[in-house]
Amino acid sequence: MKIKIIGIGSYIPTQEVSNTDFGDHVFLNEDGTPFGYPNEVVIKKFKGITGIENRRYAEDQHTSSDLAFFASEKALENAKIDRETLDYIIYAHNFGDVKAGTHQTDILPSLATRVKNKLGIKNPKCVAYDIIFGCPGWIEGVLQANAFIKSGMAKRVMVIGSETLSRVVDDHDRDSMIYSDGAGVSILEASDDEAGLLSYESATFATDEANYLFFGKSYNPDLDPDIKYIKMYGRKIYEFALSQVPCAMKSCLDKSGISIDEVKKILIHQANEKMDEAIIARFYKLYGKTPPENIMPMCIHDLGNSSVATVPTLYDLLIQGKLENHEINKGDVVIFASVGAGMNVNAFVYRY
């Protein structure tokens, strides 16, 4: 028995923010000193490394659980099932609901409970809970759904990845340009055919790597030091990802028994274009090969890094045929992979 994604949906906020919108920002070094060059140079270097030109921010009236609700409705419509038949709602996020213009996170009740309420699901045996697993949270939710279904604890599971990172960034930190908002939702159930999840890999590296992503004060010394923002050691994360993600992907693929030549697409967390390209190149190098053309769809150029939402959103766009030069056909083998705070790494091999 395998588990299969029977429904997928995403919500992409309408508020578009381009790189040029950061032209008047006051970017500072970690010690609070100004850069020695203009923002035009900062933005050009940023684009060259990350590939990001635009990103989406949630509308002021919406929170993360609102975005998740919108995407959930689309996933239910795509799956064509009765929502009352869901046994679990697993919601991956990192910072809860953060209202526009505030810095306080709100996770009471859980965001999964909020989505269940908004969906109008009355069945009390539909269990709703949140997981915090960094950017790999949606993939980890899929792996938990796999365990629930295979154990007989569930027949249908909804897995959500939704986040509003734009509301937890330090405007004086150039890394703030990376982050964006969005939601992606999948619905999974048992499959008796060839399609479905074939193998998986998951790991947490929590020695020195534990604090590569953290909450820290603004780079502006005039701001309240007790208000915290998302921070990262970008170089360390880059080096970690290049050393660990390809190995996790290889272990996962080897366990599936599938040849690398059968892999049609690799859907990897949309964090940084250069990093993702390097991960794919190193992954294929482990097999003594070079990556085939169009193996890795990307949406980071226009959507930015929406954390847990990037992979399910990418999959939804692929299924809908909205990614230029990319398509997926029945029987195709896809690798899903992610890396993020923890530091966590995970992957699964899936036959469409």
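Author: Side chains of opposite charge can pair when their charged atoms come close. A search of the whole structure finds 12 salt bridges, a salt bridge being a side-chain nitrogen of Lys or Arg within 4 Å of a carboxyl oxygen of Asp or Glu. This is a predicted model, in which local features need pLDDT of at least 70 and side-chain atom pairs count only at pLDDT 80 or more, while totals for chains, interfaces and linings use all residues. Residues are numbered from 1 along each chain as its sequence is written, and side-chain values use heavy atoms, with hydrogens and water left out.

Reader: Where in the chain do D97 and R114 lie?

Author: D97 is in the loop between strand 4 and helix 3, R114 is in helix 3, and 17 residues separate the two. Helices (H or I, at least four residues) and strands (E, at least two) are DSSP runs, numbered from the N terminus. The side chains of D97 and R114 form a salt bridge with an N to O distance of 2.8 Å. Both D97 and R114 are buried; buried means under 20% relative accessible area, exposed over 50%, and partly exposed in between, with a 1.4 Å probe and protein chains only.

Reader: Is E189, which forms a salt bridge with R156, buried or partly exposed?

Author: E189 has 22% relative accessibility and therefore counts as partly exposed. R156, at 21%, also counts as partly exposed. Their closest N and O atoms are 2.7 Å apart. This pair links strand 7, which holds E189, to strand 6, which holds R156, across 33 residues.

Reader: What separates K231 and D173 in the chain?

Author: K231 belongs to strand 10 and D173 to the loop between strand 6 and strand 7, 58 residues apart. Their side chains meet in a salt bridge of 3.2 Å, N to O. K231 counts as buried because its relative accessibility is 3%, and D173 counts as buried at 4%. Salt bridges with shared partners also join D97, D106 and R114 into one network.

Reader: What is the strand order in the open sheet of four strands?

Author: The order is 8-13-12-11, and the pairing is mixed. Strand 8 (196–204) and strand 11 are the edge strands, each pairing on one side only. The twist here averages 15° from one strand to the next. Strand 11 and strand 12 are parallel, with five bridges, and I268 stands opposite A337 in strand 12. Helix 4 packs on this sheet, touching strand 8, strand 12 and strand 13, with its direction at about 120° to that of strand 8; contact means heavy atoms within 4.5 Å.

Reader: How many residues of helix 4 are buried?

Author: Of its 15 residues, 11 are buried, among them W138, E140 and F148. Just after helix 4, G152 takes a positive phi of about 90°.

Reader: Finally, which residues have the most contacts inside the largest nonpolar core?

Author: A nonpolar core is a set of buried Ala, Val, Leu, Ile, Met, Phe, Trp, Tyr and Cys residues joined through side-chain atoms within 4.5 Å. The largest has 54 residues, and M249 and I266 have the most contacts inside it. Helix 5 (234–256) is one of the elements that give two or more residues to this core, and its nine residues are the largest share. Leaving aside neighbours within four places in sequence, the contacts of M249 include I266, F283 and A347.

Terms used:
Pairing = 2+ DSSP bridges. Axes fitted to C-alpha atoms, helices over the stretch in contact; angles between N-to-C directions.
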